Amino acid sequence: MAIRVLLADDHAIVRQGLKALLDKEGIDVVCEAADGRQAVKMVREHKPDVAVLDLAMPLLNGLDVAREILKMHARTKPMLLTMHTEDHYVLEALRAGVRGYVMKSHSREDLVRAITQVAHGEVYLSPGISEVVVQAYLNKSDYSSDPLSGRERQVLQLVAEGNTTKKVASLLGLSVKTAESHRARIMEKLDIHETAGLVRYAIRRGIIQP
């Protein structure tokens, strides 16, 4: 049977190109998503074998989509398709449970190989991904861990994307008071007390892109 795939990228032209490529390889794109929240919804509804996720997506980034997928105990295996090679992105992806990390600059053969291996339960990293990072992950090195909860990361992303507290509350289905409480707790945990500092932290952790 063909491997069933979700494509999640906020650029329609990228999704269209990837779908055409995968169709030629006999890989079945069963659903698409333009943002992270839609991606989670599509996984819940369609249960694809593999979710191919962009790292930078509005409302919920690829790393947190992967975390949500794994929390659902779905059969779907998450992987990232991204332009970012920086060590901390790769390490955060491995920590989040991502099964594949593929560079957009590489060939279609790289992507097809990754999807195939991830669908069969293997881990795939594009050639050139730092061996040092992989070893650091395996050895549980002293890369700083993220102190925020999943909900706090979601609030942080929405704040860093420029949403007001009222808008954050609406998007997450929270009261304004609860959203304000999350924001205050984030600032306290990170010892950051202005929005610009939160934006810089979100960029550094790969939650949003500059």
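Guide: Buried here means under 20% relative accessible area, exposed over 50% and partly exposed in between (1.4 Å probe, protein chains only). By that cut-off, 49% of the 210 residues of the chain are buried. This is a predicted model: local features need pLDDT of at least 70, side-chain atom pairs count only at pLDDT 80 or more, and totals for chains, interfaces and linings use all residues. Residues are numbered from 1 along each chain as its sequence is written, and side-chain values use heavy atoms, without hydrogens and water.

Visitor: How many helices and strands in the chain?

Guide: The chain has 10 helices and six strands, which are DSSP runs numbered from the N terminus (helices H or I, at least four residues; strands E, at least two).

Visitor: What's the strand order in the sheet?

Guide: E2-E1-E3-E4-E5-E6, in an open sheet with parallel pairing; a pair needs at least two DSSP bridges.

Visitor: And which strands stand at the edges?

Guide: Strand E2 (28-33) and strand E6 (124-125) do. Each has a single partner strand, so one side of each has no neighbour in the sheet.

Visitor: How many bridges join E1 to E2?

Guide: Five, and strand E1 (residues 4-8) runs parallel to E2. In that pair, Leu 6 is opposite Cys 31 of E2.

Visitor: Which strands does H2 lie across?

Guide: Helix H2 (residues 36-46) lies across E1, E2 and strand E3 (50-53), at about 140° to E2. Axes are lines fitted to C-alpha atoms, for helices over the stretch in contact, and angles run from 0 to 180 degrees between N-to-C directions.

Visitor: What about H5?

Guide: Helix H5 (residues 108-119) covers E1, E3, strand E4 (77-82), strand E5 (100-103) and E6, and runs at about 165° to E4.

Visitor: Different topic. Is Asp 54 buried or exposed?

Guide: Asp 54 is buried, at 8% relative accessibility. It sits in the loop between E3 and helix H3 (62-71).

Visitor: What is Asp 54 in contact with?

Guide: Leaving aside neighbours within four places in sequence, Asp 54 has contacts (heavy atoms within 4.5 Å) with Ala 8, Asp 9, Asp 10, Gly 62, Leu 80, Leu 81, Thr 82 and Lys 104.

Visitor: At what angle do H7 and H9 cross?

Guide: Roughly 95°, with the axes of helix H7 (residues 150-160) and helix H9 (residues 176-190) coming within 10 Å. H7 brings Arg 151, Glu 152, Val 155, Leu 156 and Val 159 to the contact, and H9 brings His 182, Arg 183, Arg 185, Ile 186 and Lys 189.

Visitor: Last one: what does the C-alpha trace span?

Guide: About 50 × 35 × 30 Å along the principal axes of the chain. Of the contacts with a separation of 6 or more, 61% are between residues 24 or more positions apart.
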